Amino acid sequence: MAGILTLLVIGIPWLGAVLVLLVGDKHPRWQHALAVGFSLLSGIDALLLMRFISSASSVDLWLSTAFGSLTLIPDGLAVSLTAIATVVGSLAVLFSVDYMRGEKQLGRYYFLVLFFIGAMAGLVLSGNLLFTFFFWEITALCSYGLISFHNDDPLAVRGGIKALLITQVGGVGLLAGALMGYSQLGSFQIIELLARANTLPAPTLAFIAFAFLIAAAAKSAQFPFHTWLPDAMEAPTPISALIHAATMVNAGIYLLARCSPAFESVPYWRESVLAVGMISALLTAFMALTATDLKRALAYSTVSQLGYMVYAIGAGGIVASQFHLLSHAVFKALLFLSAGAVIHAVGTRDMRRMGALGNTMPFVRNAFIVGALALTGLPIFNGFWSKEYILEVGLESSPLWMYLLMLLAAGLTAFYTFRMTWLVFFGSVRDSLHVHETGTAMKIALGLLAFGTFTTWLLFGGLSAQLAESLPQHGLHTESTWHLVEALLSAPSTWVALLVVAASLMLFYIVGRRAALTAPPAWFNALSESSFGFELLNRWVVSGMISLAERLRLTQSGELNWNILGILACLLTVLAVLWWSAS
Amino acid sequence: MNVILIGILALFGVGFYGLLITRNLIKIVIVLQILVKGAVLALVFAGKMGGNLGLGQSTAATVIVADTIVAVVGLALAVQVRRRFGTLDVPKISTLKG
């Protein structure tokens with residue numbers, strides 16, 4: 001039963017993807033219906049899979065000596081992420097029904113979305129690193145296709161290529177780590193890697209650990225690869241909510257959480273993870289302060305919150321990072337979809353032109369405020385519990401100065417979140433914008449996510465029990481929700497954090513409201529636009545790759561004789577290698 | 001034995017050399033034939049060396065049939081190309097731009 005469900009959770013979206021393409025762009029109503037139906041089915045499937053969580057593989061298919069066997073393991077980590085991907089995925093698809101109405105190439109859009117949902121489920125369920133890599137690359141490809149969905153817009157095309165190339169750096173890291181593991185262990189199974197990590201020579205293990213850290217940083221848009229995510233905001237907004245906030249960018253967090261027990265003994269690994277998380281959280285929080293594009297501001301805050309999760313893993317808090325991942329997926333999807341409703345209604349992403357939209361769009365305003373309060377980390381909302389839990393873990397097992405900087409990042413988060421909310425929904429009308437109605441499908445998706453933002457923290461006990469039971473190698477303990485509430489409310493650090501948030505809000509109330517509309521100092525703007533200088537590094541990677549590709553294009557002359565020469569050269573090389581290895 | 005091996009290598013050599021330097025479509029079909037004849041000879045030779053002559057010969061017969069079809073289709077295409085473009089020079093009939 002578990003085997004069928006795990007296969008179906010990948011298979012249903014993929015089947016839906018093919019069907020949507022087959023139906024064709026002349027029947028948009030059918031395409032909408034099929035996409036919603038299949039994504040909902042996969043969501044239900046993932047929720048059913050919750051009942052079959054175990055650390056044993058549910059599918060074990062022997063392929064060949066080179067690939068090993070394809071194993072799918074429905075353990076707590078994998079199933080919780082699958083559920084997030086499919087449930088948030090189906091809500092994003094539902095939202096798309098209104099958002100993408102009237103688009104010409106719906107088939108391509110829904111195909112990529114559904115293909116992505118299936119691949120994301122495969123990525124987290126796979127117990128074989130090689131297949132994790134395959135699914136990882138499929139998600140990168142879908143992300144590229146969807147960022148560049150409006151392929152007549154040069155900005156969208158450039159953003160897509162940048163995202164693709166920079167996440168490829170991560171893909172190479174993952175593949176290099178997996179191959180290095182294979183060369184020593186003779187297996188791609190993650191379980192083998194975790195169980196026998198101590199038997200590996202220290203340099204090999206360090207290589208795998210840092211290769212995986214690079215993979216995770218590139219995929220999750222962490223320092224120093226944090227610049228692709230803001231440029232990826234050219235994608236249609238449901239895509240930003242699904243891929244670039246709730247699911248794909250979590251793949252890096254997943255990889256670190258999955259493999260962290262194996263790497264704990266590697267010198268400087270935990271310190272590096274802590275540093276990557278902290279720098280990302282802090283830098284992008286600064287960058288969000290000056291952003292004027294609504295979606296870019298949200299993208300910066302996504303990187304910042306992902307930084308919190310990476311920091312939590314570095315501090316040894318796997319449960320804390322997964323808990324924040326769940327909360328973040330829900331409230332950031334809510335924020336993005338609300339932003340999408342606003343952008344759909346007014347037709348601009350520039351926050352300076354918005355203002356006082358709360359009067360005309362009360363439903364969206366309320367949804368956005370719920371998300372914003374969760375992002376700020378105010379009590380009752382899910383973001384509060386998970387962020388405080390991370391800070392609590394950080395105080396216990398990371399250097400004090402890092403904890404203080406993370407606290408500062410929390411204060412900055414509160415500041416930029418309120419700046420964003422105030423610029424869009426409050427203040428005075430600054431531009432005559434024609435406001436469209438919000439569709440029913442949009443309202444359903446927003447309402448469900450807002451409900452989730454209030455309630456998902458109640459799932460903490462279940463999540464922690466699932467993780468502890470099905471991940472024996474991580475050495476986790478079960479904690480109940482009540483215990484978490486008690487521990488957090490009695491910890492002084494929670495109140496310190498709340499104090500920082502309150503101080504930041506006070507500061508916003510006094511100076512921020514006026515400062516929000518005036519342009520920030522030029523040096524600060526320049527600094528934040530160049531990602532504190534790291535934009536250059538990322539641009540260098542992208543332009544280097546593109547110019548290499550241009551050079552390689554010379555080899556594709558299309559002339560028969562040159563191709564024959566290439567074939568002959570390859571043949572002779574193979575013969576020479578065979579000759580050399582035989583003698 | 002060595003004579004056959006030299007024959008195979010010579011046929012391969014002529015075939016590949018021809019493919020490298022020819023631009024005429026009909027000549028390409030001809031050198032392709034020479035190349036495949038080398039392959040057929042190699043199949044029979046390998047069958048004999050491996051002690052399973054029957055397998056080598058039957059595979060060779062299959063290849064001969066398939067190869068004849070290739071030659072026929074190739075020549076028919078050459079005729080059509082000549083009628084349509086007025087030339088048999090392969091680089092000249094290439095219309096793909098890249």
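Predicted model: local features only at pLDDT ≥ 70, side-chain atom pairs only at ≥ 80, totals over all residues.
Two or more lining residues are contributed by each of helix H2 (28–49), helix H3 (76–99), helix H14 (318–346), helix H18 (440–455) and helix H19 (460–470) of chain A, and the greatest contribution comes from H3(A), which supplies eight residues. In terms of residue class, the lining of the second largest pocket consists of 18 nonpolar and nine polar residues, with no charged residue.

In chain A, strand E1 (residues 59–64) and strand E2 (residues 68–72) pair in the antiparallel sense over five bridges. The two strands, E1(A) and E2(A), form a hairpin in which three residues lie between them, and within this pairing Asp60(A) stands opposite Thr71(A) of E2(A).

Between the two chains, helix H24 (residues 560–582) of chain A packs with helix H1 (residues 2–21) of chain B at an angle of about 145°, the axes of the two helices being 7 Å apart. On the side of H24(A), the contact is made by Asn561(A), Ile564(A), Leu565(A), Leu568(A) and Leu571(A), while H1(B) takes part through Phe16(B), Leu19(B), Leu20(B) and Ile21(B). The residues of this contact of H24(A) with H1(B) divide into eight nonpolar and one polar, and no charged residue is found among them.

Technical notes. Residues numbered from 1 in each chain as written. Chains lettered and ligands numbered in written order. Heavy atoms only, no water. Helix = DSSP H or I, 4+ residues; strand = E, 2+ residues; numbered from the N terminus. Nonpolar A, V, L, I, M, F, W, Y, C, P; charged D, E, K, R; others polar. Pairing = 2+ DSSP bridges. Axes fitted to C-alpha atoms, helices over the stretch in contact; angles between N-to-C directions. Contact = heavy atoms within 4.5 Å.
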